[in-house]
Amino acid sequence: MFKLLMLLLMFHSSLAANVFQDIFILAGQSNMAGRGGVEHGKWDGKVPPECRPNPSTLRLSAKLTWEEAHEPLHADIDVGKTCGIGPGMAFVDGLRANDSRIGVVGLVPCAVGGTKISKWARGTQLYSQLVSRAGASVKDGGTIRAILWYQGESDTVKKEDADAYKGNMETLITNLRTDLNIPSLPVIQVALASGEGKFIETVRSSQLAINLPNVKCIDAKGLALQRDNLHLTTMSQVQVGLKLASAFMDSFVNMP
């Protein structure tokens with residue numbers, strides 16, 4: 001029993017020493033929070049291989065504690081809604097498939113469904129929560145490597161929101177880099193596959209046109225949607241996660 005206890009202590013000490021290696025912030029609205037496999041308010045519980053738990057993939061819980069990550073990643077963050085599969089776990093799977101050096105990865109879920117970009121402006125609850133959770137994620141060490149951003153469906157309803165999207169997104173990126181004290185923080189955003197209104201192409205054009213340093217955009221257009229024509233299917237979420245991983249590996253993996 002004593003030997004077993006010592007082995008467990010050594011394991012946890014080793015894990016703690018390596019937990020905070022690569023940290024990624026997941027932010028946006030419902031397609032980042034994950035609705036894959038959710039129909040009629042229930043998640044089907046099906047987890048594809050790319051999204052299965054791995055002892056080296058952790059998530060920061062709502063209580064700001066690290067735990068082994070598992071779907072649904074946003075269950076205690078996007079509360080009051082039914083969460084399912086999102087792109088986060090497949091993203092980490094894609095990183096590991098492309099680089100065997102990837103060690104322990106920490107995911108920081110922050111996405112909340114049904115939120116326009118104005119709800120993420122500096123001074124709002126969501127913005128403050130993101131900054132607070134990001135700060136908590138590195139308190140014991142580690143590096144925030146990127147923000148993964150999938151949002152904009154709610155900004156397709158009103159023309160004024162869609163027209164203002166590019167400026168609002170650029171301001172958000174600038175403010176987050178300032179408040180997190182990471183001036184070159186990579187941001188990988190997802191260009192919309194769907195929207196709640198008719199100005200989808202206006203928002204998509206804004207997303208694809210952002211030309212700030214260390215900002216990349218992957219495209220979700222054409223990926224399969226669920227019957228609500230708004231949320232990605234489980235396998236589409238996997239594809240988004242893998243696309244995000246490829247974008248990170250191609251552009252940012254060697255950044256300090």
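A: Happy to! Contact here means heavy atoms within 4.5 Å. By that rule, and leaving aside neighbours within four places in sequence, Thr57 is in contact with Glu67, Glu68, Ala69, Met89, Val92, Arg96, Val105 and Leu107. This is a predicted model, in which local features need pLDDT of at least 70 and side-chain atom pairs count only at pLDDT 80 or more, while totals for chains, interfaces and linings use all residues. Residues are numbered from 1 along each chain as its sequence is written, and side-chain values use heavy atoms, with hydrogens and water left out.

Thr57 counts as buried because its relative accessibility is 2% (buried is under 20% relative accessible area, exposed over 50%, partly exposed in between, with a 1.4 Å probe and protein chains only). Its side chain makes a polar contact with the side chain of Arg96 at 2.7 Å; such a contact is a pair of N or O atoms within 3.5 Å, and within protein one must be able to donate a hydrogen and the other to accept it, with residues adjacent in sequence counting only if both atoms are side-chain atoms.

Thr57 belongs to strand 4, residues 57-60 (strands are DSSP runs of E, at least two residues, numbered from the N terminus). Strand 4 pairs with strand 6 in the parallel sense over 3 bridges, where pairing requires that DSSP finds at least two bridges between the strands. Strand 1, residues 22-28, also runs parallel to strand 6, joined by 5 bridges. Gly106 in strand 6 is the bridge partner of Leu58 and also of Ile23.

Technical notes:
Helices (H or I, at least four residues) and strands (E, at least two) are DSSP runs, numbered from the N terminus.
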